[in-house]
Amino acid sequence: MNNFLLEILVQELPYKFIPDAIRQLKDAFSKLLNENLIEYGNIDVYGTPRRLAVIIKDLAHAQKDIEKDARGPILSIAKDANGNYTPAALGFAKKNNVDEKNLYEKDNYIWAKIEIKGKSVKEILQDNIEKIILSMQGAHFMRWKDLDIKFSRPIENIVALFNEETLPLTVVDQTSTNTTRGLRFYNDIKIKNPLTYIEQLKENHILVDQNERREKIVELANKKAEEIDAKVHFEDDLLDEVTYLTEAPKPVLCSFDKKYLQIPDIVNVTVMAVHQRYFPLYDKNNKLLNNFITMANFVNDDEESIENIKRGNQRVVCARLEDGIFFYKEDSKDPLINKVENLKGMTFQRGLGTLYDKTQRILALCPDDENIKRCATLCKADLSTKLVFEFTELQGFIGEDYARKSGECEEVAKGISEHYYPLNATSEIASGKEGQIVGILDKIDTICAVFISTQDNKKKRPTGSADPLGVRRATLGVLRTILGTELKIDLTDLISKSLKLLSEEFNIEIKEETQKEIEEFFINRLIIMRNGKYETNVLEAVAGSIDSPLKDLKEYFKKVEKTLKLDAEVIENAKRVGRIIPKDKKEFRNVDEKLFKLDEEKELYKELLNTKDYDDFNNLARETSKFFDKVLVMDNDENIKENRIALLNEVNSKFKTLCDFLKL
């Protein structure tokens, strides 16, 4: 078996592109090999800031030969009146390299058994590699030189090895070689074969395997922290970022003046971790230290070089922290409540007023609870502070700190930061009712505002690639908060009230379908959110019940659980009832017991009246089955027929209190 290596050497890639590029390359090569029926062992893809590498092990030498039956012309065209093959049949034989003696007839057509010789794997790779590379997708692709192609960053070199042999191919303006480049200002590396690639790069200080590199970064950072009896708290996002920013990680221990520890830890941590990609250090009691570790992409142990790196990073972080401490002291001169007025000068969304207006709408939706209303009043106040203007990632967190300094109670202070929760699809939800309620009202206002502002241009609505103001995230945040707490909130009513406030404030006429579109958006997110736990058709069926799932999310999932446990007889009879109801009939008469002719009609109606809950559906289904066995719905007497349809409509409505069975 054979082994193959492809390395794409580029100028420094954006770190966010690298993991997606790894996935794209793996998918593309898997598809190529599988579609061409090429046997292989496994495909490994690696990524660093400067190189993307694919290694395919145990690769077949060629495609397998294929024998298949090929259909030619219909007999009336393939043979003449004397039974001889026509030029059409002979042309078919020649095209498929088959002797006319080997043609045969089947199903009124001429057929030939043909053999397709498998192409060599080298040839297939040569024909497809450039196309795979240039088909990759990502944000902010660029052009270079005078070339009319785009890639994330300019391609500087291509390595392509089939075993020890350089596989000739061209990608853009680069011809493949067996030599890659090491770290900048270091020697080139001649690759012996695909299986030595990782070790050869490692010998030249490059950890091309991202998983190994990540583990090494943790090991090096921990070891460096131990030098000052400190420890590192590794956040996955930061660790991933540093992993894709380095290929030869080297830890450098740095420090800053202790005076900056006067400001809240989150300011220091944000500057270090988010802005500068440093690892903050903590003492054994988890207290933030005035030290951090930067992971340099560097191999030289020269003390002067290390000192230069240290000085440069310390200078940058101190400048940022100096801004932080200045803004913090300036902001702290006034209580947080005084900053609410400043929101009048900050636009929320074009055509939909200011952040002050948004705050007032949230207040109008609040329940009669003093803490919740106070939290709503202050929830956006920190957006007008100098510190949040400089460090936008601190919104909410700084509001919480300023609220405490201003004498607000702990519940209100915590609610200010937590009303932004959950921060992403997997993060925690707000722990207190203040953050939970204000967060839901804030997100509902945002969602309704976006849908109102796009009534006449629905192309600006949230899509798979565009999400104005984070509407999808806000919707999931509302759903997760309600499902993860004891809150019972009617979202249909809340959406209606929010739309009304926006309509009255900005004199916007709300179109009839707008609320329905918002509700459908919520329901679609709800189904997507839970389709890993429940079958999609069940989620959709219960969402199609008489009561919208948004009236009571927890009751909706109780219905889902109940639907999953239904007997097959209940499902089948409920579906049978649903199918017989005329779809175009808008009004049904009231059921008249005097028009019942058969006992099965009477018993079904009696059971319908006795059915109070989903637990009674078994009995109702049983009587429905008896009804269909004995009763002809389409009676010749129009009154009897309409009465029976009305009865079945009532039964259908009862079944639909659980779900739309026709969707199961």
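**Salt bridges and an open sheet**

Asp 493 is partly exposed, with a relative accessible area of 35%; this class lies between buried (under 20%) and exposed (over 50%), as judged with a 1.4 Å probe on protein chains only. The structure is a predicted model, in which local features need pLDDT of at least 70, side-chain atom pairs count only at pLDDT 80 or more, and totals for chains, interfaces and linings use all residues. Residues are numbered from 1 along each chain as its sequence is written, and side-chain values use heavy atoms, without hydrogens and water.

Asp 493 forms a salt bridge with Lys 497 (3.2 Å, N to O), a term that denotes a side-chain nitrogen of Lys or Arg within 4 Å of a carboxyl oxygen of Asp or Glu. The two residues, Asp 493 and Lys 497, stand 4 residues apart in helix H17 (residues 491–506), about one helical turn. Helices (H or I, at least four residues) and strands (E, at least two) are DSSP runs, numbered from the N terminus.

By the salt-bridge rule, the count is 47. Another pair is Arg 184 and Glu 12, with the closest N and O atoms 3.0 Å apart. Arg 184 lies in the loop between strands S11 (179–181) and S12 (188–190), and Glu 12 in the loop between strand S1 (2–10) and helix H1 (17–35), so the pair ties together parts 172 residues apart in sequence.

An open sheet of 4 strands has the order S13-S15-S16-S14, with antiparallel pairing; pairing requires at least two DSSP bridges between two strands. Strands S13 (231–232) and S14 (249–255) form the edges. Strand S14 is joined to strand S16 (residues 288–297) by 7 bridges.
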